[in-house]
Structures are given as structure tokens and as C-alpha cells.
Amino acid sequence: MMRVNRIAAAMLLMTPVLATAANKEHEAMARDLQMLGGDVQKMQRSIEDQMLTIKTLLSQAINDTGKSLTSAAALDVKMTERMQSLEKSVNQSVANLNSKIDSMTDEFRRVREDVSDLRGKLNRMDQQLADIKTAVTVIQTAPRAEAPPPTAAATPTGPDPNLPPAGVSAQSLFDGAKRDQSAGRGDLALNQFQDYIKWFGQTESACVAQYHIGEIYMGKQDLVSALVAFDSVLEKYGRTCSSYPNALFQKARALEKGGQPTSAAQEYRKLREDFPGTDWDRKATAALRALGFSTRSPARKK
């Protein structure tokens, strides 16, 4: 009993001490809470300040972006206007160039037609001159009135085979042969062209008549005779003949039809070399391609 009383007394004595300790601990916790509240307020103010800064920066960025977009739009408008102006200028230049090309093409065609007309006139004059020479020759070789009559022993002389019959002119003979050739009377035309070369072989149209002989033989599928006729145009008359490229092309075709593609290709290449950039060049190129040969552009003559 005495022991219990002592313990009770001791507890009574310790009660103020425990109360004092509890108060101190409570005060410390209160201080800690107060400090934590202050820290929270500081953090809240810091977050608010940062959010305000972010809002300000975002607003500036939006304004700058708007300005950039405006500048980009203005630049796009300027570029579009510039491109439209450039396109208009290019189109106008192209139109002017096409107009000049068309004009030059027309002028070239007129010049070519004039040259063709002039060549035709020269051929006609050449044929007329040949007719005059023939007439003069006939007059010079005609028997004179004072010549004694031939005796019975004398050998009669017939017409000169190198001279055309009376009334036959170079122009009429050539035109008649062309008409017969166009009408499909090849044999008759062939004889007339051969007579033309025999009687009027010095005229400008003689080489053309020789070319037409080759054409007639080609139509008759007489390739050997056609090659001889075309070779005569190429070797006897050469490039001075207006039918020279025709004869060269037809010779190549005759060789091709005759089963000689390599020889034909050589003639096609020669045609391209002699007449680069012309229709003959293009025709020969197409023929070479059809035969399977190289169509590489030939070296230009120096």
C-alpha cells in the first residue's frame, strides 16, 4: 500500500512536467506549420509569377507569329506577282520568236519556190537553146541547091541519127515523156527519155531524164538497170544535177530491195553526209533505223 501511494505521489509531481513538455512540442509543431504555410504561399506566388511570365511570352510569340504570317503572306503575294510577270514576259517572248520563225519559214518557202521557178525557166531556156543549135546544125548539113544531083553510084544519105527528127524539140520531147510516165505508159516514156539524152544530152534536163529512166526501171522491178541509170546520174552529172539526191536515195532503195542492206546503208549514210539537216537526212535516218543500222550523226565535212 505504501508503495502505491508513493507511485501516485510521484505521478502527481510529474504531471506539470509532462504538461510543460506537451506544450513545448505543440508550440514547435505550430511553428513548423506556420513556416510550412509561409513556404506554400511563397511557392504559390512563385507559380503565379511564372504563369504570368509564360502568358506574357506566349502573347508575344503569338504576336510575332502573326507578324511572321503576315510577312509570309505578303512575300507569297509578291512572289506570285513576280512569277506571273515573268511567265507573261516569257510567253510574249516565245510568241514573238514563233512569229519570227513562221515569218522566216514563209520567206524560205518563197525563196525555194522562186529558185524552183528560176531553175524551171533556165531548163526551158536551155532546151530552147538546144532546139536552136539543132536547127542550125540541120541547116548547115542540108544539101545546097547548087550541088549536083547524086549519081546512080552515089550512096544515098539518110537523116543524121544524132539529130532529132524535124519538128521535135527538147521541150516537147521532155514534156511528152513526163506525160507518158505519169499516165503509166512506161515503155513509151522510157524511149522518149532515152531519145532526149541522145539528142539533147548537153541540156540541164538531161540528168533529170536519166533519173526518170531509173524510176521507170524501178517500177518494172528491173533493179539492175535501175542501178545503172541512178549511177549514171551520180557519176556523170554529179551534184550539179537537181535530181542528184533523188538518185542517191533511189539507188539505196534499189540496193535494199536487191538484198544488199550493207551497200544500201552506205548510200543512205552518204546522203546524210551530203545533205545534213534536210528532209533527205531525215529520210535516210529513218531508212537506216528500219534496216537496223546505227543512226549516229555523220561527221560534218570540213
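The legends below describe close-up views of a disulfide and of salt bridges in a predicted model. In this predicted model, local features need pLDDT of at least 70 and side-chain atom pairs count only at pLDDT 80 or more, whereas totals for chains, interfaces and linings use all residues. Residues are numbered from 1 along each chain as its sequence is written, and side-chain values use heavy atoms, with hydrogens and water left out.

**View 1. The disulfide of Cys207 and Cys241.** A search of the whole structure finds one disulfide (a pair of cysteine sulfur atoms within 2.5 Å). The sulfur atoms of Cys207 and Cys241 lie 2.2 Å apart. The bond links distant parts of the chain, 34 residues apart: Cys207 belongs to helix H4 (residues 206-219), and Cys241 to the loop between helix H5 (223-237) and helix H6 (244-257). Helices are DSSP runs of H or I with at least four residues, numbered from the N terminus. Both Cys207 and Cys241 are buried (under 20% relative accessible area; exposed is over 50% and partly exposed in between, with a 1.4 Å probe and protein chains only).

**View 2. The salt bridge of Asp231 and Lys251.** The side chains meet at 2.7 Å, N to O, in a salt bridge (a side-chain nitrogen of Lys or Arg within 4 Å of a carboxyl oxygen of Asp or Glu). Asp231 in helix H5 and Lys251 in helix H6 are 20 residues apart. Lys251 is buried at 14% relative accessibility.

**View 3. The salt bridge of Arg272 and Asp281.** The N to O distance is 2.9 Å. Arg272 is buried, with a relative accessible area of 5%, and Asp281 is buried at 10%.

Key:
Helices (H or I, at least four residues) and strands (E, at least two) are DSSP runs, numbered from the N terminus.
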